[in-house]
Amino acid sequence: MGAAHPCLPPGHRPVDHPRAVGTRRPRRSDDDSRSPQLNAAPADQIRLLDLQKLDTRLNQLDHRRANLPEHAELKKLNSQLDQQRDLLVAAETEVGDTEREQTKAEQDVDQVRRRSERDQQRLDSGMVTSPKDLESLQSEIASLARRQDSLETVVLEIMERQETAAERARELASAVEGLEKTGTELTARRDAATAEIDAEAERVRRDRETVARSVPEQLLALYDKLRAQHGGIGAAKLYQKQCEGCRLELNITEINEVRAAPSDSVVRCENCRRILVRTPESGL
Ligand SMILES: [Zn+2]
């Protein structure tokens, strides 16, 4: 950023600068014919500069409040939280699914094991005597053993998947907890910073009200109207022949007009149309 603008808070540019700095608007005498010449005591005009300082400060505070770094940090954090919570839900769902899968697979193993036990009891009972039946029974016991073996492998595989999902769910829960803690801290920091800004703004607003009450009504109305139209600056000091509102130096014709104007007439900058306040430093 270039040289600081004395009327503006740091980081602010004059808002109403549609054209390059240093170029002039055409003279708009029609403006003057529309608004009747306003008169105000020089002291009242100078009070506008105090008012402008307070209004500028209020604008700065609004800007700072709206742009606290915590706002951006919280936004980023909340989007991370959403993402991690979604992943956590998915991991917990998988834990539940694999638990059910495991129960089912264990029931299958039990069924095969019980049938094998029954076969073994029949074999041991000595009641089966035909060689053909004995062979068939032994063959079934062997087949059930292979079946049980493969079902137990399935159970182990499910348990492994379940452990992986549970581990992932624990990691995600811990990540979510960490993010939530950071969120709480960030929110507290944001609220504290906002409260501080609000308190200062409240003090400035009270000062502003006091100063505004001492400014004649019509002058105040013009100032407020111009402030709304011109990026928050309605009155500017004429300093060393330069308008501190638009930073342009008045030309010789304009200087002569300002010089000729009675001290109680409210002068406007030909370029930016703001109220131009004359002080001993105006270079007139
Ligand atoms: Zn100007």
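**Figure 1. T182 in helix α4 of the predicted model.** T182 is found in helix α4; the coordinates shown here and in the other views belong to a predicted model. T182 is partly exposed, because 15 other C-beta atoms lie within 10 Å.

**Figure 2. Overview of the chain.** The secondary structure comes to six helices and four strands. Along the sequence these elements follow the pattern α-α-α-α-α-β-β-α-β-β. The chain has 284 residues, and buried residues make up 19% of them. Among contacts with a separation of 6 or more, 81% are between residues 24 or more positions apart.

**Figure 3. Helix α3 and its buried residues.** Helix α3 covers residues 69-125, which is 57 residues. From its first C-alpha to its last, α3 reaches 83 Å, close to the 84 Å expected at 1.5 Å a residue. The buried residues in α3 are Q84, A91, T98, A105, V112 and D119. These buried residues of α3 pack against α4, the helix of residues 131-213. Just after α3 comes G126, with a positive phi of about 75°.

**Figure 4. Packing of α2 on α4.** Two packed helices are described by the angle between their axes and the distance between the axes. For α2 and α4 the angle is about 160° and the axes are 9 Å apart. That angle makes α2 roughly antiparallel to α4, because angles over 145 degrees are counted that way. The crossing of α2 past α4 is left-handed. On the α2 side, the residues that meet α4 are R47, D50, L51, L54, D55, R57, L58, L61, R64 and R65. Their counterparts in α4 are T194, I197, E200, A201, V204, R205, D207, R208, V211 and A212.

**Figure 5. Packing of α2 on α5.** Here the helices pack at an angle of about 40°, with the axes of α2 and α5 11 Å apart. The two helices are therefore oblique to each other. In this pair, α2 passes α5 in a right-handed crossing. The α2 residues D44, L48, L51 and D55 meet L219, Y223 and R227 in α5. L51 and D55 of α2 are also listed among the residues that meet α4.

**Figure 6. The largest nonpolar core.** This core has 23 residues, and those with the most contacts inside it are Y223, C243 and I275. Two or more residues come from each of α2 (42-66), α5 (217-229), β1 (235-239) and β4 (275-278). The element that gives the most is α5, with five residues. Y223, one of the residues with the most contacts in the core, is also one of the α5 residues that meet α2.

**Figure 7. Surroundings of C243.** C243 is among the residues with the most contacts inside the largest nonpolar core. With neighbours within four places in sequence left aside, C243 is in contact with A236, L238, L248, L250, C269, N271, C272 and L276.

**Figure 8. Two arginines with positive phi.** Most residues other than glycine have a negative phi. R247 has a positive phi of about 70° although it is not a glycine. R247 lies in the loop between β2 (242-243) and α6 (252-260). With 18 other C-beta atoms within 10 Å, R247 is partly exposed. R273 is not a glycine either, and its phi is positive at about 70°. The loop that holds R273 runs between β3 (267-268) and β4. R273 is buried, because 20 other C-beta atoms lie within 10 Å and burial is assigned at 20 or more.

**Figure 9. R278 in strand β4.** R278 is placed in strand β4. R278 is buried, with 20 other C-beta atoms within 10 Å. Not counting residues up to four places away in sequence, R278 touches L238, V258, V267 and L284. L238 is also in contact with C243. R278 and R259 are 19 residues apart in sequence, and the distance between their C-alpha atoms is 9.7 Å.

Definitions and conventions. Residues are numbered from 1 along each chain as its sequence is written. This is a predicted model: local features need pLDDT of at least 70, side-chain atom pairs count only at pLDDT 80 or more; totals for chains, interfaces and linings use all residues. The expected span of a helix is 1.5 Å times one less than its number of residues. A residue is buried if 20 or more other C-beta atoms lie within 10 Å of its own, exposed if 12 or fewer, and partly exposed in between; C-beta atoms are placed from the backbone. Two residues are in contact if their C-beta atoms, placed from the backbone, lie within 7 Å. A nonpolar core is a set of buried Ala, Val, Leu, Ile, Met, Phe, Trp, Tyr and Cys residues joined through C-beta atoms within 7 Å. Axes are lines fitted to C-alpha atoms, for helices over the stretch in contact, and angles run from 0 to 180 degrees between N-to-C directions. Angles under 35 degrees count as roughly parallel, over 145 as roughly antiparallel, 65 to 115 as roughly perpendicular and the rest as oblique. A crossing is left-handed if the near helix is turned anticlockwise from the far one by less than a right angle, and right-handed if clockwise.
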